[in-house]
Amino acid sequence: MCGRYVMAQTVGDLVADFDVDETYVDALEPSYNIAPTDPVPIVLDRRDKDTGELSRKLVTARWGLVPPWSKDTKGAARLINARRETVTEKPSFRKAASRKRALVPADGYYEWEKREAGSASGKIEKIPTYLHSDDGGLLAFAALFENWPDPTLPPDHPERWLRTCTILTGPASDALGHIHDRTPVIVPPDMWDDWLDPETTSEADVKALIDSMPEPHLTPRVVGSLVNSVRNNGPELIEAAS
């Protein structure tokens with residue numbers, strides 16, 4: 001799964017890297033410990049209803065999907081991830097998979113590898129590990145988003161609509177499987193346009209697109225226990241454990 005990640009890029013970095021046409025994000029604070037329900041930047045493509053022109057946008061969304069039919073936002077923390085194997089079938093995700101795909105920029109993410117503390121004790125310890133691209137470049141997680149109307153607010157209220165997102169995960173390859181059995185689906189740059197294309201809507205086409213995603217090549221780094229608390233947030237979290 002993906003339960004914490006790092007995003008330390010500026011708005012200008014994301015606009016340039018993703019060739020964004022319009023940004024609705026004024027500024028971004030570097031975060032080295034993004035957790036579920038945090039607001040996060042996402043990239044999406046939308047076609048203008050009047051001109052028909054396709055525009056790439058940088059917006060924010062709260063991490064943890066809230067389907068539009070939900071009565072409230074209580075279940076969002078359980079929908080931070082969507083399994084690539086079933087995302088086109090599950091009621092919570094299938095409409096978003098068809099029409100609301102996005103990219104979540106990240107520098108890397110954390111997983112906790114389970115290891116035996118000692119052969120005699122039988123205890124299991126969790127080793128925090130930071131995973132990042134081999135070359136240190138930006139990652140783009142495959143994501144879905146939804147817009148949820150708050151039923152407690154009037155239709156014209158400026159905060160009536162809440163945008164939320166979820167990150168797709170898939171089985172980890174042998175190289176990463178010893179750390180965790182799931183890993184975020186990472187979209188390579190040459191597939192960003194295909195993933196964001198709002199014209200790809202059929203279940204079969206979306207499934208084929210997901211199935212065509214290559215396995216990620218990531219470098220793991222064991223880090224210190226500071227990352228275990230969401231209250232900690234700084235570049236020291238991704239430094240190698242001493």
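Trainee: Which residue forms a salt bridge with Arg56?

Mentor: This is a predicted model. In it, the closest N and O atoms of the pair are 2.7 Å apart, and a salt bridge requires a nitrogen to oxygen distance within 4 Å. The partner of Arg56 is Asp45.

Trainee: Which strands does that pair tie together?

Mentor: Arg56 and Asp45 are eleven residues apart in sequence. Arg56 belongs to residues 54-63 and Asp45 to residues 39-47, so the pair ties together strands E5 and E4.

Trainee: Are Arg56 and Asp45 buried or exposed?

Mentor: The cut-off for burial is under 20% relative accessible area. By that criterion, Arg56 and Asp45 are both buried.

Trainee: How many residues apart are Arg47 and Glu199?

Mentor: Arg47 forms a salt bridge with Glu199, with the closest N and O atoms 2.8 Å apart. Arg47 is in strand E4, while Glu199 is in the loop between H4 and H5. The pair links distant parts of the chain, and the separation is 152 residues.

Trainee: Is Arg182 buried or exposed?

Mentor: The side chain of Arg182 meets that of Glu85 in a salt bridge, at 2.7 Å from N to O. Arg182 lies in strand E12, and Glu85 in the loop between strand E6 and H2. Glu85 is partly exposed at 31% relative accessibility. Arg182 has a relative accessibility of 9%, and counts as buried.

Trainee: Within what arc do the buried residues of helix H5 fall?

Mentor: In H5, residues 203-211, the buried residues are Val206, Leu209 and Ile210. Seen down the helix axis, they line one face of H5, because they fall within an arc of 100 degrees.

Trainee: Which helices and strands do the buried residues of H5 pack against?

Mentor: The packing partners comprise elements at residues 94-99, 101-106, 161-171 and 192-196. In that order, they are helix H2, strand E7, strand E11 and helix H4.

Technical notes:
Residues are numbered from 1 along each chain as its sequence is written. This is a predicted model: local features need pLDDT of at least 70, side-chain atom pairs count only at pLDDT 80 or more; totals for chains, interfaces and linings use all residues. Side-chain values use heavy atoms; hydrogens and water are left out. Buried means under 20% relative accessible area, exposed over 50%, partly exposed in between (1.4 Å probe, protein chains only). Helices (H or I, at least four residues) and strands (E, at least two) are DSSP runs, numbered from the N terminus. The arc is that of the directions from the helix axis to the C-beta atoms. Contact means heavy atoms within 4.5 Å.
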